[in-house]
2 protein chains.
Amino acid sequence: MDSRILSRADIEFLLYEWLDVEALCRRPRFSDHNRDTFDAMLGLCERLATEKFANHNRKADQEEARFNGTTVELVAEIAEAVAAYGEAGLVAAGQDYALGGMQLPMVVEKTGFAWFLAANMSTCSFPFLTAANANLLLAHGTQDMIELYARPMFEGRYYGTMCLSEPHAGSSLAEIRTRAVPQPDGSYRLFGNKMWISAGEHELGENIIHLVLARLPDAPAGVKGISLFLVPRRLLGADGKPGERNDIALAGLNHKMGTRGTPNCLLNFGEGAFTPGGLPGAKGWLVGKPHQGLAAMFHMMNEARIGVGLTATAVGYTAYLHALEYARTRPQGYLPGHRGRDAKQVMIIEHADVRRMLLAQKCYAEGGLALNLYCALLVDDQRTAPDEGTRETARLLLELLTPVAKSWPSQWCVEGCSLAIQVHGGYGYTRDYLVEQFYRDNRLNPIHEGTHGVHGIDLLGRKVAMEGGAAFAALRDRIATTLEKVANDEQLSSHGKALRARLDGLATVTRQLVADPDATRALANSNAYLEAFGHLVVAWIWLEQMIVACGDSDLHRGKRQAGRYFFAWELPKVDNMLERLAAVDDTALSMQDRWF
Amino acid sequence: MDSRILSRADIEFLLYEWLDVEALCRRPRFSDHNRDTFDAMLGLCERLATEKFANHNRKADQEEARFNGTTVELVAEIAEAVAAYGEAGLVAAGQDYALGGMQLPMVVEKTGFAWFLAANMSTCSFPFLTAANANLLLAHGTQDMIELYARPMFEGRYYGTMCLSEPHAGSSLAEIRTRAVPQPDGSYRLFGNKMWISAGEHELGENIIHLVLARLPDAPAGVKGISLFLVPRRLLGADGKPGERNDIALAGLNHKMGTRGTPNCLLNFGEGAFTPGGLPGAKGWLVGKPHQGLAAMFHMMNEARIGVGLTATAVGYTAYLHALEYARTRPQGYLPGHRGRDAKQVMIIEHADVRRMLLAQKCYAEGGLALNLYCALLVDDQRTAPDEGTRETARLLLELLTPVAKSWPSQWCVEGCSLAIQVHGGYGYTRDYLVEQFYRDNRLNPIHEGTHGVHGIDLLGRKVAMEGGAAFAALRDRIATTLEKVANDEQLSSHGKALRARLDGLATVTRQLVADPDATRALANSNAYLEAFGHLVVAWIWLEQMIVACGDSDLHRGKRQAGRYFFAWELPKVDNMLERLAAVDDTALSMQDRWF
């Protein structure tokens, strides 16, 4: 096992000491489970991640996915990795027994997946998109679709993608032009070009199931005229097996700075590379209702967004552990006042500034993991909590926290990777060490599945105000409960006060901006709102961890020290943001193009 | 000309409107110069940078410097570029006429060099290190050394390096082990391994002059036992021309995340690859006095450090201009409230959050350039100001500002490159656009020529206290002069007050920490000190620019808006740092290895 992938001790702290996931086993759905089955699952993931994913993380970066003119060539280890993942039943880990699943709680499934993400972010794209695709079909597909397409995806035989963007339509999905033409048999023929399709073409498994956004002939303009289609790479024959090639052609690959093991594809639908059934167009089937494809796709998108947050966290986490090991084994320099002839060089972890960098990384990585596992538990609560109130609150919190769970780790765990390079010094800038790859790989996460800018507007322009502000109120209640717990705690009450003051400030500025009749003005600083909101939420998450970490073990002491670091050096970053938001600062808004 | 390299308009603003470099022409050394000769120099640099340096920036990244077993292979364009640079007389631009120079002021020379750095950071390593090497010989070498080695470097025929680090000795030069053995003829033979040697081996020009730190047999331990040696790649023959190979062998290249056009070499001295004159060892000559090599090397290091700051700035600047052009030409999305059927997509520069990102980049890039040109002017003042007081103050300010001029752009212009990617969205993550390379290239700058951590300790542990705090007092005087100018200015007085409050805070905490008898404690947060100090200095630099930019031109309005942005969103970042410093926060210091 490579102890630099993730920390088993931290995971056990989060799952069992903090989140008490064992309590989930009292719910009927999880009644076959207990800590032993959870641990067995996590042990399996750690082992497979180490042996089958970490083994080719660098190789797949060096030998990038390659377009050979017809298909994509990948290093052989990717096929071995995803096959092992599928054979272990992990694509369906959380699904019903009836679907071949293990009925594991989401929080355990996601913890297990974090091992793979930390070991090899690129190779994880294949199973990750497949599971999200199959989950969408479970929610919005017909029974036939579930049996014909979702089931083989859960079995690890088929793979899935999401096809949203087009060359001219990235963040602005309203501009999608791909057309879907109805056929007499109830199917559709699709024509158009899709871009940025991760894992869009390859020779893994038996089939690739594309979920494609397109417009029907009578579609209204904009986002309310987008429908969702299931378009398989190979059409199923009479025997139910993948046969004839559908008219989907790989037009090229994007060559990226990082995540080079994931082929990022331009796909042409219906341009005549193939003529399935002798007719033009890529053959597909409508998923859900006409013109309501974006809402259905958001089912997958929201899962993908939390997945991106977990990915960013996992990469930041392994970068932190790599830096930690380096700092413990690299001798360099002397402590102040120890420079004489008999002085011995110290390991660089002895230098306060190196410890500062490691503490910051620990805050980002462990804070991000705690936040993401908290969100995963909300999914479990939303689905399986015994009382409706808990389920409803979980739904609200999840909606609100999705942009935070996506964006906060994407921002701070990239910073963590940068600090991991810095701890390594010049060595960290070379390709002999993995930290430079982590830094490149992780830089993707603030971009895809909605940029930072998009999530800022989602949070301030929609989420905090939705349903009369119910979600935001639910979060404030949760935080208030935590604050009550520390009100009389000798060590933690000052942190509680610090958090309460900022939370009050956030609430005030939220009311003000939501009520502002000038949306342009109110939303102009939504990025600062997202950043301040995220830091507040993570401060709360750290306070929660500090409450639990009240013992004398090294792990507990480390948690408390990291929390102390967050409250001393990180949380105050929000103060000026809240001030500028309250002042409705218009510096960016009033800047003119010609003044640049 | 590629308008995305640097902004000629900004450069003219900084040089002529703000710094009044034309006034330098009244000094005897520059009396042949005037704005026309300066502009001709800058125009030449812009043209050569565009035609000969920018042309292969991507190619040299893709076709990385390669070790073929004996030497380094580079793309052919590098040889053309450095030859053109040398033939134009630019290595010696600031030197005496007697040395073939143009006697240009440093501030003009550095501005010209910024064009090359922005066009191609990697290729610039060759002339940059050569000039710094030759400058060291001018200061510390013998007349023979100047004639035999410095002169051909200034002529662009020889190249230079600095050889400090060894595999086990990066930041901690006290650990250097390379040995220098005296010979009967007054020369020395060197034995040892050097690492991280940029441009350490190649086939450009006629010779490579290595400046090497090594220990004499009787050397005391630590940094007071290091001497400096001149060790040419080829020994000069009786005809004065490079002939026999010296015993310096390329052992390998580091493969880096960025700056791949610069070969980063491991060099073996005296391991027997060659036997010059039939004797073992690499033949060299002592530069300066025995055991005082580090002080001499710091001559080159300080130049290199300000050079690193200028490099980081230039790369951040061109990344900003690339993002600006992209934002002006990429349509995507609608403005709030403009989403109906007749709505037209806007260029993304219309989105407030994109303008926020561009404003931040503008602040970092233009602020960094202004800071670095200010430092270059201090070099001119130190050397050529008519009165001793000005010369002395310039020397003090330069000593104090060197860690800031190195570190501030290295931190913030990497952040600027990240924002440039973000403005590009998914495209920015691909290698079809240059911004991802800028991001990778620029990540080197916080590492080499002293890491952030090293400069924090240099600033707080040495520079602010040196000579009874004279340098810090000189800086405060300068800033006070600026603050007086804005005291009654309707638009700028609030910025002046904001800066004064923080400056007072910095002065208080500086006094406190310098007086602290516990150096370990006092220096534990020196990174925060460096960051706060840097942001204060750059706030001052922005206020200076705002004072000058009082007109109605787009350029002046843009300067004022960027300054406003810096004061609203950037300067307040120092508040918590100053608070934590004053509290002598010990979170990092008291963290224990086993708690991680």
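Two residues count as in contact if their C-beta atoms, placed from the backbone, lie within 7 Å. This is a predicted model, in which local features need pLDDT of at least 70, side-chain atom pairs count only at pLDDT 80 or more, and totals for chains, interfaces and linings use all residues. Residues are numbered from 1 along each chain as its sequence is written, while chains are lettered from A and ligands numbered from 1 in the order in which they are written.

**View 1. Where chain A meets chain B.** The contact draws 71 residues from chain A and 71 residues from chain B. On the chain A side, α17(A) gives the most, with eight residues; helices here are DSSP runs (H or I, at least four residues), numbered from the N terminus.

**View 2. Helix α14 of chain A and its packing.** This helix covers residues 493-515.

**View 3. Around B:Ala323.** Leaving aside residues up to four places away in sequence, B:Ala323 touches B:Leu358, B:Gln361, B:Leu419, B:Ala420, B:Val423, B:His424 and B:Val435.

View 4. A:Glu467 has a phi of about 50° and sits in helix α13 of chain A. B:Val584, at about 45°, lies in the loop between α18 (573-582) and α19 (587-590) of chain B. A:Glu467 is exposed, because 12 other C-beta atoms lie within 10 Å; B:Val584 has 16 such neighbours, so it counts as partly exposed.

Notes:
Helices (H or I, at least four residues) and strands (E, at least two) are DSSP runs, numbered from the N terminus. The expected span of a helix is 1.5 Å times one less than its number of residues. A residue is buried if 20 or more other C-beta atoms lie within 10 Å of its own, exposed if 12 or fewer, and partly exposed in between; C-beta atoms are placed from the backbone.
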